[in-house]
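Here is a short report on strands, hairpins and charged pairs. Please keep the sequence and the model at hand while reading.

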Amino acid sequence: MMFWSSCGRVNFDPRAITEQDARVVDEDARVAVPDAEPEGYVDVVCGPMTPVSPVPPVDALIEPALLTDGLTLLARFSFQDHIAVRASPGEDFGEWSRTTDYLALAQDHSFLTVAGEEIGVGAEIPAGGEDRQLTLCSAPFATGPCDVIRLFDSSGALITDDVDGPSLALRDGELVVAFNRGSEVFFARPRSAGSLDWDATRIDIGTGLYGDPALSEDGRILAVSDTARGNSIQLAVWDASADNFVPVQELSTIIGGSPEIGLETAAGWELFLVTDTRGVVEPHRVSCL
């Protein structure tokens, strides 16, 4: 599902989502699994990977992020953002072009729409610092406003080391974010309405070297690339009884990094990831059922 939180300069309160809002989200959700519990999980079958655009980019592009219109894909070369646009879902994207519209989000963008407002999260190196932190921004994304999310681990200690790869979702009316800390994956949620203090929990998906995670819009499916398994994509689903994700499947034929779960329908969903199939690292698209 598509949506968010914050306080201070950003006015939307994620815990103020009404029951009607939640129903609308559920009706529009990009559902790939009929039952979010592990025992209801259906094996995922994916088609071939193809570059998102027939025209390769000039420079290597990483960290794809689909905007909430479902038609605009954002990717990054160094600290330069590029976009490619498609006319309708399922079609190829056009040529990549440079944009300066998303500078406030820095790295690893993820977007969500809540109550008609599009918001984004990114990873940013603060002035004078070295380790990235997560920032929550609302439009205009070229300038913000943005707020820093303070992340706390399971012991209650503030996380001050490098974090990266955030992915936003709305699960049962609550905003959540998945991110990686080193080679491990965590998810976090705000302590209270409007809070920028978020409690983070490690996702136990087994031994591996995990990169940037991706959440489905409803926060119940997680995809992450594991370099220990040759950059194959690992899938996990939310288990409410465990209050955590549990691993369910390895997509061993889908090889790439920085996955992004794109549009979802009852008939299937799309996965974006970066790999090199024609001499340049660039975003690719896979259709999954």
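Strand β12 is mostly covered, with 7 of its 8 residues buried. This is a predicted model, and the values below are computed from it.

**Strand β12 and its partners**

β12 pairs with β11 in the antiparallel sense, over 6 bridges. Within that pairing, Leu170 stands opposite Leu175 of β12. The two strands form a hairpin with 2 residues between them. Asp172 sits in this turn and has a positive phi of about 55°.

β12 also pairs with β13 (residues 184–190), again in the antiparallel sense, here over 5 bridges. Asn180 has Val185 in β13 as its bridge partner. β12 and β13 form a hairpin too, with 2 residues between the strands. The turn holds Gly182, whose phi is positive at about 70°.

**Salt bridges**

How many salt bridges does a search of the whole structure find? The search finds 15.

| Glu63 | Arg76 | 2.8 Å |

Take the Glu63 and Arg76 salt bridge, at 2.8 Å. Glu63 lies in strand β2 (residues 62–66) and Arg76 in strand β3 (residues 72–77), so the pair ties together parts that are 13 residues apart in sequence. Both Glu63 and Arg76 are buried.

Next comes Asp172, the turn residue of the β11 and β12 hairpin.

Is Asp172 buried or exposed? Asp172 is exposed, because its relative accessible area is 62% and the exposed class starts over 50%. Arg220 counts as buried, because its relative accessibility is 18% and the buried class is under 20%.

Asp226 counts as buried at 0% relative accessibility. Arg229 counts as partly exposed at 35%. Elsewhere, salt bridges with shared partners join Arg86, Glu270 and Arg285 into one network.

**An open sheet**

An open sheet contains 4 strands in the order β1-β21-β20-β19, with antiparallel pairing. Why is one side of β1 and one side of β19 left without a neighbour in the sheet? β1 (50–51) and β19 (257–265) stand at the edges and have a single partner strand each, so one side of each has no neighbour there.

The partner of β1 is β21 (residues 281–288). The two run antiparallel and are joined by 2 bridges. Pro51 stands opposite His284 in β21.

**A residue in β7**

Ile119 is found in strand β7 (residues 117–124). Ile119 counts as buried, with a relative accessibility of 0%. Where does Cys146 stand relative to Ile119? The two are 27 residues apart in sequence and 9.7 Å apart in space, C-alpha to C-alpha.

Methods: Residues numbered from 1 in each chain as written. Predicted model: local features only at pLDDT ≥ 70, side-chain atom pairs only at ≥ 80, totals over all residues. Heavy atoms only, no water. Pairing = 2+ DSSP bridges. Salt bridge = Lys/Arg side-chain N within 4 Å of Asp/Glu carboxyl O. Buried < 20%, exposed > 50% of the residue type's maximum accessible area, 1.4 Å probe, protein only.
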